[in-house]
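Student: I have a new structure to look at, and I would like to understand the words used to describe it. Could you take me through them?

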Amino acid sequence: SERKSNTPIIVTSPYLRCVQTAIEICRVLGRNARLLIDLSLGEVFGPSVLGTDASGKRPVQPMEHLVAYCRSRGVVCSPRSIGSWPVWPESLHDARRRFANRFLVYMKRGAQAHRNFL
């Protein structure tokens with residue numbers, strides 16, 4: 001039998017502004033919406049975007065802070081992130097490839113699991 005779920009999965013980058021937007025989407029979708037934080041999503045991880053002073057530092061909140069923030073807003077967030085950080089310094093070309101690959105991963109997962117990933 002075909003497995004279906006009414007639980008929407010919202011996937012976001014670990015950057016706070018993205019998590020804040022994803023939380024609001026979850027709140028609109030209802031209590032059974034779930035949030036996943038994917039380290040593979042986010043800014044170009046290189047000096048062209050983050051500046052030369054960043055030198056590979058990850059400009060995000062610790063995962064436990066993000067999960068606590070989600071909880072404080074009434075949203076269920078997986079306590080473990082998925083994906084992996086890109087290698088510093090990342091070029092714009094490599095970042096575009098990374099974004100496209102992650103998009104295709106979620107399209108495939110959605111089709112296989114009969115779920116919607118946003």
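Tutor: Let us talk about the overall layout, then about some charged side chains. Keep in mind that this is a predicted model.

Student: What makes up the secondary structure of the chain?

Tutor: The chain has four helices and three strands. Along the sequence they follow the pattern β-α-β-α-α-β-α. The C-alpha atoms fill a box of roughly 50 × 30 × 20 Å along the principal axes.

Student: How many salt bridges are there?

Tutor: The count comes to five. We can look at some of them.

Student: Why is the pair of glutamate 24 and arginine 27 called a salt bridge?

Tutor: The rule asks for a side-chain nitrogen of Lys or Arg within 4 Å of a carboxyl oxygen of Asp or Glu. The closest N and O atoms of glutamate 24 and arginine 27 are 3.8 Å apart, so the pair meets the rule. Both residues lie in helix 1 (residues 16-29), three residues apart, about one turn of the helix.

Student: What makes glutamate 24 and arginine 73 a salt bridge?

Tutor: Their N to O distance is 2.9 Å, and the cut-off is 4 Å, so this pair counts too. The pair links distant parts of the chain: glutamate 24 is in helix 1, while arginine 73 is in the loop between helix 3 (63-72) and strand 3 (76-77), 49 residues apart.

Student: Are glutamate 90 and arginine 98 buried or exposed?

Tutor: Glutamate 90 has 8% relative accessibility, and arginine 98 has a relative accessible area of 12%. Both values are under 20%, so both residues count as buried.

Student: What share of the chain counts as buried?

Tutor: Of its 118 residues, 34% count as buried.

Note on methods. Residues are numbered from 1 along each chain as its sequence is written. This is a predicted model: local features need pLDDT of at least 70, side-chain atom pairs count only at pLDDT 80 or more; totals for chains, interfaces and linings use all residues. Side-chain values use heavy atoms; hydrogens and water are left out. Helices (H or I, at least four residues) and strands (E, at least two) are DSSP runs, numbered from the N terminus. Buried means under 20% relative accessible area, exposed over 50%, partly exposed in between (1.4 Å probe, protein chains only).
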